[in-house]
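This briefing is intended for reading beside the sequence and the three-dimensional view.

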Amino acid sequence: TTFEELLFRGYIYKGVLRYINNKWSAMLFSAIIFAGMHLSNPEIIIFGFWTMTFQYLVIALIFGAIACWDNGTEITIGMHFANNLLCMVFVVSEGTVFTANGAMFRVINPINDYKDTIVIAVAGIIMVGLYYLKYKHKTKQIS
């Protein structure tokens with residue numbers, strides 16, 4: 001998770017930002033690459049290309065927005081780690097990246113359901129809103 005956050009929200013985001021000088025476009029660009037990299041995960045086969053692409057993109061945009069406001073990757077590293085850890089500890093599905101034997105719940109026959117995408121989007125909006133309210137960030141200028 002640390003490598004991915006430093007690569008996508010650090011290196012790629014800031015590299016693209018130097019050339020296009022628009023932080024939201026740079027964030028969108030790095031989010032698309034983040035989602036594209038995750039298309040090699042086995043979830044694509046089980047849940048479908050469009051469902052997983054949208055979920056990866058939503059997560060990348062959530063992390064990207066927070067990294068933009070914070071002008072750093074520390075919080076997104078923690079969020080990414082917490083997301084992956086919670087996925088491994090609580091709910092795993094057969095044929096996915098996280099197949100830990102010690103998870104509380106195991107889904108044997110996962111189905112492609114748009115409701116998961118809605119839950120991710122709503123939870124992400126709440127997380128971004130809470131972050132914004134807690135830190136009351138005004139957009140920082142990158143030097």
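The points below cover helix packing, nonpolar cores, aromatic contacts and selected loop residues.

The structure is a predicted model. Its largest nonpolar core holds 11 residues, and the elements giving two or more residues to this core are α1, α2 and α4. The aromatic pairs number 5.

**Helix packing**

- Two packed helices are described by the angle between their axes and the distance between the axes.
- The axes of α1 and α2 cross at roughly 140° and come within 8 Å. An angle of 65 to 115 degrees would count as roughly perpendicular and one over 145 as roughly antiparallel, so α1 is oblique to α2. The crossing of these two helices, α1 and α2, is right-handed.
- For α2 and α4, the axes likewise come within 8 Å, with a crossing angle of roughly 140°. This makes α2 oblique to α4, and α2 passes α4 in a right-handed crossing.
- Helix α1 also packs against helix α5 (residues 74-89), at an angle of about 135° and with the axes 9 Å apart. That angle makes α1 oblique to α5. The crossing in which α1 passes α5 is right-handed.

**Nonpolar cores**

- The largest nonpolar core is made up of Phe8, Ile12, Tyr13, Val16, Leu17, Ala26, Met27, Ala31, Phe34, Ala60 and Cys68.
- Helix α1 gives the most to this core, with 5 residues. Both α2 and α4 are also among the elements that give two or more residues.

- The ring centres of phenylalanine 8 and phenylalanine 34 lie 5.4 Å apart, and their planes stand at 90°. Planes over 60 degrees apart count as edge-to-face, so this pair is assigned to that class.
- Phenylalanine 8 belongs to helix α1 (residues 2-20) and phenylalanine 34 to helix α2 (residues 23-37). The pair therefore ties together parts that are 26 residues apart in sequence.
- Phenylalanine 8 and phenylalanine 34 are both buried, and both are members of the largest nonpolar core.
- Arginine 9 lies over the face of phenylalanine 34, at 4.5 Å from the ring centre.

- Tryptophan 69 and tyrosine 132 form a tilted aromatic pair, with 5.0 Å from centre to centre and 55° between the planes.
- Tryptophan 69 lies in helix α4 (residues 49-70), whereas tyrosine 132 lies in helix α6 (residues 114-135). Their pairing therefore ties together parts that are 63 residues apart in sequence.
- Tryptophan 69 counts as buried because its relative accessibility is 14%, and buried means under 20%. Tyrosine 132 has a relative accessible area of 38% and is therefore partly exposed.
- Ring pairs link Trp69 and Tyr132 with Trp24 and Tyr131 into a cluster.

**Asparagines with positive phi**

- Most residues other than glycine have a negative phi.
- Asparagine 21 has a positive phi of about 55° although it is not a glycine. This residue lies in the loop between α1 and α2. Asparagine 21 counts as exposed because its relative accessibility is 67%, and the exposed class begins over 50%.
- Asparagine 71 also has a positive phi, near 55°, and is a residue other than glycine. The position of asparagine 71 is in the loop between α4 and α5. With a relative accessible area of 28%, asparagine 71 is partly exposed.

**Asparagine 101**

- Asparagine 101 is found in the loop between β1 (91-93) and β2 (105-107).
- The relative accessibility of asparagine 101 is 75%, so this residue counts as exposed.
- Asparagine 101 and asparagine 22 are 79 residues apart in sequence, and their C-alpha atoms are 44 Å apart in space.

Terms used:
Residues numbered from 1 in each chain as written. Predicted model: local features only at pLDDT ≥ 70, side-chain atom pairs only at ≥ 80, totals over all residues. Heavy atoms only, no water. Helix = DSSP H or I, 4+ residues; strand = E, 2+ residues; numbered from the N terminus. Buried < 20%, exposed > 50% of the residue type's maximum accessible area, 1.4 Å probe, protein only. Phe/Tyr/Trp six-rings, centres within 6.5 Å; stacked < 30°, edge-to-face > 60°. Lys NZ or Arg CZ within 6 Å of the ring centre and 35° of its normal. Core = buried A, V, L, I, M, F, W, Y, C linked by side-chain atoms within 4.5 Å. Axes fitted to C-alpha atoms, helices over the stretch in contact; angles between N-to-C directions. Parallel < 35°, antiparallel > 145°, perpendicular 65-115°, else oblique. Left-handed = near helix turned anticlockwise from the far one by under 90°.
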